[in-house]
Amino acid sequence: MSEIRTRTLDDTPDRGRRSLTGVRRLLAGIFTALIIAYGSAAGYMYLNQRSFIFVPSGALADPADKGLENVSVETATMADGTNVTVWSAAPARAGAPTVLYFHGNSKNVSARWKRFRQILDSGFGLYAPSYRGYAGSDGSPSEAAFISDAQEHFDRLALKGSPVIVHGESLGTGVATAVAAERSEAALLVLEAPYTALVDLASESYPWLPVNLLMKDPMPTRERIGNVKVPVLIVHGTEDSLISVEQGRKLFKLANEPKDILVIDGAGHSDLWDSGLWPGVQEAWSKSTAQRKALVVAPN
């Protein structure tokens with residue numbers, strides 16, 4: 001009996017070591033599985049990131065079907081040969097500006113027809129390009145392509161002679177700012193629900209990812225707005241759940257004078273036009289026009 005008890009006692013350390021080894025293997029397996037899962041998720045997000053940023057949908061409507069009979073549908077061939085669609089109308093009022101409109105990330109340019117009606121009813125002109133990869137346009141979307149095309153659109157529009165208001169909506173605010181930073185001939189920059197950078201939005205949405213390393217299209221508006229030398233108007237809603245009004249306020253602090261910010265109480269991301277945006281733009285345009293005239297007549 002004593003021999004049996006001795007063997008049982010001698011086996012105890014071995015069982016303990018085997019148990020500890022099993023726990024280590026289990027933990028190592030769990031850790032490895034987590035690393036694989038994280039790498040797979042990060043890889044998926046990296047490969048498919050542009051499908052999250054650029055969300056074109058719907059067919060391009062006919063302007064006439066939306067009551068915009070004076071808007072023509074044009075094809076603009078970019079420097080690299082890519083064809084994109086543009087909705088265009090000359091100013092109806094002498095001396096009025098043309099709004100170069102860069103739309104948001106979803107749907108297509110024709111989905112903004114109600115906004116365009118307000119612009120045209122004011123006697124202003126319109127030049128609204130469809131982004132690459134969106135309805136009516138060839139190519140694939142990217143930050144570099146959007147900005148290159150946008151600068152080309154501005155140059156073509158500027159040749160027509162009317163003052164140009166560069167207007168960006170949501171995603172388009174980054175594009176519009178990049179244009180105004182390089183084109184001091186612009187008369188006014190309007191940023192509707194702007195972001196400090198797309199990479200900042202991605203960091204908020206995916207804090208578990210190293211988005212600064214993975215982002216192909218960071219669109220750093222916060223770095224570009226300091227180079228804008230034309231008047232700036234920022235419009236943001238206090239209830240914007242997609243892009244916080246604080247991002248608009250941060251850009252306002254970074255912008256050069258002359259600048260204005262219109263914060264609309266209770267407005268969200270997509271209803272700024274129904275909450276007073278366009279009268280605010282018209283007021284900013286009148287103000288900037290008066291400032292330019294004052295500079296012209298001011299004595300040296």
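This is a predicted model: local features need pLDDT of at least 70, side-chain atom pairs count only at pLDDT 80 or more; totals for chains, interfaces and linings use all residues.

User: OK, so is Asp149 buried or exposed?

Analyst: Asp149 has a relative accessible area of 5%, so it counts as buried.

User: Which side chain does Asp149 meet in a salt bridge?

Analyst: That would be Arg132, with N to O at 2.6 Å. Arg132 sits in the loop between β6 (125-129) and α3 (143-158), while Asp149 is in helix α3, so the pair ties together parts that are 17 residues apart in sequence. Arg132 is buried too, at 9% relative accessible area.

User: What about Glu152, what does it pair with?

Analyst: Glu152 forms a salt bridge with Arg156, and their closest N and O atoms are 3.0 Å apart. The two are 4 residues apart in helix α3, which means about one helical turn separates them. Glu152 is buried at 17%, whereas Arg156 is partly exposed at 33%.

User: How many salt bridges turn up in the whole structure?

Analyst: A search finds 13. One of them joins the side chains of Asp260 and Lys287, at 3.2 Å from N to O. That pair links distant parts of the chain, with Asp260 in strand β10 (residues 259-264) and Lys287 in helix α9 (residues 277-297), 27 residues apart. Asp260 is partly exposed at 30%, and Lys287 is partly exposed at 40%.

User: And which residues are linked in a network of salt bridges?

Analyst: Arg112, Arg115, Glu169 and Glu192.

User: Switching topic: why is the chain more spread out than a compact globule?

Analyst: First the make-up: there are 9 helices and 10 strands. The radius of gyration is 27 Å, well over the 19 Å from the globule rule for 300 residues, so the chain counts as more spread out than a compact globule. The C-alpha trace spans about 115 × 45 × 35 Å along its principal axes.

User: How much of the chain is buried, then?

Analyst: 45% of the 300 residues. As for contacts between residues at least 6 apart in sequence, 73% join residues at least 24 apart.

User: Last one: where does Gln49 lie, and what is it in contact with?

Analyst: Gln49 is in helix α1 (residues 2-53), and it is buried, with 7% relative accessible area. Leaving aside neighbours within four places in sequence, Gln49 contacts Leu214, Met215, Lys216 and Asp217.

Methods:
Residues are numbered from 1 along each chain as its sequence is written. Side-chain values use heavy atoms; hydrogens and water are left out. The radius of gyration is taken over C-alpha atoms; the globule rule is 2.2 Å times the number of residues to the power 0.38. Buried means under 20% relative accessible area, exposed over 50%, partly exposed in between (1.4 Å probe, protein chains only). Contact means heavy atoms within 4.5 Å. A salt bridge is a side-chain nitrogen of Lys or Arg within 4 Å of a carboxyl oxygen of Asp or Glu.
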